[in-house]
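My entries are below, in the order I worked.

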Amino acid sequence: MSTPITLKWGKQSLNLTVQRGMSGSDLKQQIQALTNVPPTRQKILCPKLWKGAIQDAATVPDDIPDNTKITLIGTVDTLAEKSIEERPRFVEDMTVEELWNLKQMAKNGKGVEGNNDGPIIDIVALQKEYGLERDDGKTEMYEYNRLVTGLPQQQINDMLVQRMKKEGNDAEKEQSTNITELQGELVMTMGLQLRRAYVNSLAVLSDGTLISGLDDGHVHFWKRGELLKDARHTGGCVNEIVVIPSSGVDGGYDGPAFATSGDGSICLWTQDGSHVASLPCFPGTTVASMTVGSTTIEEEGSGMHYYCYLAACFRITRQTDPNQFRLPPQNEAERRRREVAEIQEQMIQNQLLNASRLVKVWMYDVSQSNNVRLALHEELIGPHATNVTESAPSITKLADMNSNLVIGDETGIQIFTATRDRIFQRKLAMQFQYLCDIDCMEPLHDDFLAVSISRKSTQEVSVPSSAERLQLPTERGVYIFDIETAAVRAVLDGHRDSVKCICRLPDGGLLTAGGKFDATVQLWRSEALTKMTKSQDENDEIEIFGESKKLKNPGYVFDLKVLPDNNGSTTYAIAAARYNTINIII
């Protein structure tokens with residue numbers, strides 16, 4: 001049975017005849033014929049007969065009165081459907097991975113549109129990936145895990161971004177790098193403070209992973225504020241870690257990424273922490289200093305080859321027994337045994353002294369070393385003579401400078417370069433005015449070398465005609481040598497003790513760390529260093545600089561390394577080996 005009703009649609013009132021008991025879907029079809037409103041866009045209301053909008057499966061009541069008023073809500077117009085790619089995306093709807101990828105593509109100094117966070121800084125050892133646990137809701141230093149304590153990630157990122165913005169706002173330095181001065185703020189501590197082992201050395205791999213070597217033989221890999229891996233060096237102590245260069249290799253590189261030394265052995269490691277090979281030291285010695293470098297050599301018939309070298313000098317560790325020959329021989333047989341034993345002991349001592357006066361160099365063709373079995377070319381260098389003499393000093397420090405091997409001992413510094421035959425030949429010899437201890441060496445820009453020197457005596461030594469004489473106006477300090485002219489350009493004399501560590505900064509500045517009687521880390525600004533290394537006349541006096549900035553952290557340290565921004569900016573942090581922990585400062 002049909003009944004008339006009134007349909008209220010906006011300002012219109014329409015007459016409609018419906019069948020009692022008809023379904024909601026049939027009612028919508030009938031209304032569509034009258035109004036052209038699609039059923040999917042219809043909302044039909046009648047509070048007196050049903051609750052809310054009528055459903056497709058519901059029916060019109062049989063007792064519906066005549067001329068009942070029902071209301072239609074709906075429009076005839078439809079929106080054009082867009083694909084997912086064409087639809088606008090909102091930051092709030094993105095996952096942290098999507099937001100990270102989007103910001104990685106927008107590294108132009110501006111944040112994501114509508115979310116002006118500024119540039120993205122990603123220091124791998126210090127920071128979590130963007131969005132992953134960065135907004136941790138903390139306001140002060142707290143425990144990330146049992147090995148790491150630090151400031152909140154968002155606060156660390158804000159401090160780094162602020163350093164970049166300060167320099168970027170200076171119009172006069174628009175062409176310079178976006179970096180400001182290191183403040184010495186402690187933002188993270190890695191390692192157990194109650195651990196008995198000290199952190200002797202640090203290194204930073206090409207992917208930003210921080211490597212630390214401890215004096216109990218452990219090698220730790222730090223990434224994203226966590227201990228990624230714990231490996232063991234062959235032996236009971238790690239004295240030094242050096243990173244092996246691979247920038248000259250085309251394509252993938254699966255060779256050694258870094259080397260560790262200590263307790264009479266050198267270990268080569270891949271970037272993921274796999275042990276590649278062990279290189280032996282001379283018996284009774286261990287590595288005193290180690291360095292790595294690279295050089296390009298043209299070989300007949302095969303063109304240019306990219307070679308990497310690892311050089312090491314040694315110190316004597318064998319202990320002599322002072323009571324070995326305490327008892328006098330009682331007969332002729334004992335006297336002969338004593339004589340043979342003394343000759344053997346003297347031969348061993350001579351061999352150890354000779355080993356301490358030599359540099360052992362391993363070279364290999366990086367482009368050919370695509371497996372873990374390396375073809376090493378080994379060479380011995382005696383810097384002072386073809387045959388090491390009894391008066392030759394022990395070598396204490398090594399460094400690589402512009403693909404040249406720098407060798408230092410108590411008498412001076414010598415520069416060696418690799419020839420086409422993969423043999424190192426002496427290029428330059430510079431002798432000190434006095435006998436000195438070399439604590440550390442660090443190559444600077446161009447042909448400048450920073451060397452920490454402490455005098456051992458006040459008596460001047462003779463200089464051979466083949467060597468250049470170096471004047472030493474202070475008892476200790478960091479000397480800036482010009483290798484091209486074989487002269488001292490300046491002296492950094494700001495510490496009360498000898499400088500044990502030198503770290504070159506990305507902005508051209510320098511960090512120096514004093515010994516335990518000084519216990520400070522000092523910043524030498526790039527502008528001052530530029531002034532020090534400017535051209536001088538031969539008759540000009542050597543300038544002594546003492547003005548530097550003392551950082552309030554980290555204090556007395558064993559090693560310093562720069563933690564770069566993985567996104568390519570010049571903003572950085574500093575990792576410092578302080579006793580049994582690693583302090584990171586910005």
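The entries go from the whole chain to strands, then to single residues and rings.

**Entry 1: ground rules.** I am working with a predicted model, in which local features need pLDDT of at least 70, side-chain atom pairs count only at pLDDT 80 or more, and totals for chains, interfaces and linings use all residues. Residues are numbered from 1 along each chain as its sequence is written, and side-chain values use heavy atoms, with hydrogens and water left out.

**Entry 2: whole chain.** I noted five helices and 36 strands; these are DSSP runs numbered from the N terminus, helices being H or I of at least four residues and strands E of at least two. Of the 586 residues, 47% are buried, where buried means under 20% relative accessible area, exposed over 50% and partly exposed in between, with a 1.4 Å probe and protein chains only. I then looked up contacts, meaning heavy atoms within 4.5 Å. Among those between residues at least 6 apart in sequence, 56% join residues at least 24 apart.

Entry 3: Strands of a sheet pair through backbone hydrogen bonds, either parallel or antiparallel. I count two strands as paired if DSSP finds at least two bridges between them. β1 (residues 2-9) pairs with β2 (residues 12-19) in the antiparallel sense, over eight bridges. L7 has L14 of β2 as its bridge partner. Two residues sit between the strands of this hairpin, and G10 takes a positive phi near 65° there. β1 also runs parallel to β4 (residues 68-73), joined by five bridges, and K8 stands opposite T71 of β4.

**Entry 4: a five-stranded sheet.** I traced an open sheet with mixed pairing, in the order β24-β25-β27-β28-β32. β24 (436-443) and β32 (543-545) are at the edges with a single partner strand each, so one side of each has no neighbour in the sheet. The twist averages 30° from one strand to the next, taken from axes that are lines fitted to C-alpha atoms (for helices over the stretch in contact), with angles from 0 to 180 degrees between N-to-C directions. Inside the sheet, β25 (residues 448-455) and β27 (residues 476-482) run antiparallel with seven bridges. S452 is bridged to V478 of β27.

**Entry 5: T285.** I found T285 in β16 (residues 285-299). Is T285 buried or exposed? T285 is buried, at 5% relative accessible area. Its side chain reaches the backbone oxygen of F282 at 2.6 Å. Leaving out residues up to four places away in sequence, T285 touches G264, F314 and L352, among others.

**Entry 6: aromatic pairs.** Rings of Phe, Tyr and Trp (its six-membered ring) pair if their centres lie within 6.5 Å; planes under 30 degrees apart count as stacked, over 60 as edge-to-face and the rest as tilted. The count by this rule is twelve aromatic pairs. F282 and F314 are edge-to-face, 5.0 Å centre to centre with 75° between the planes. F282 is in the loop between β15 (275-280) and β16, and F314 in β17 (residues 303-316), 32 residues apart. Y556 is buried at 15%, whereas Y579 is partly exposed at 33%. Y198, Y556, F558 and Y579 form one aromatic cluster.

Definitions and conventions. A polar contact is a pair of N or O atoms within 3.5 Å; within protein, one must be able to donate a hydrogen and the other to accept it, and residues adjacent in sequence count only if both atoms are side-chain atoms.
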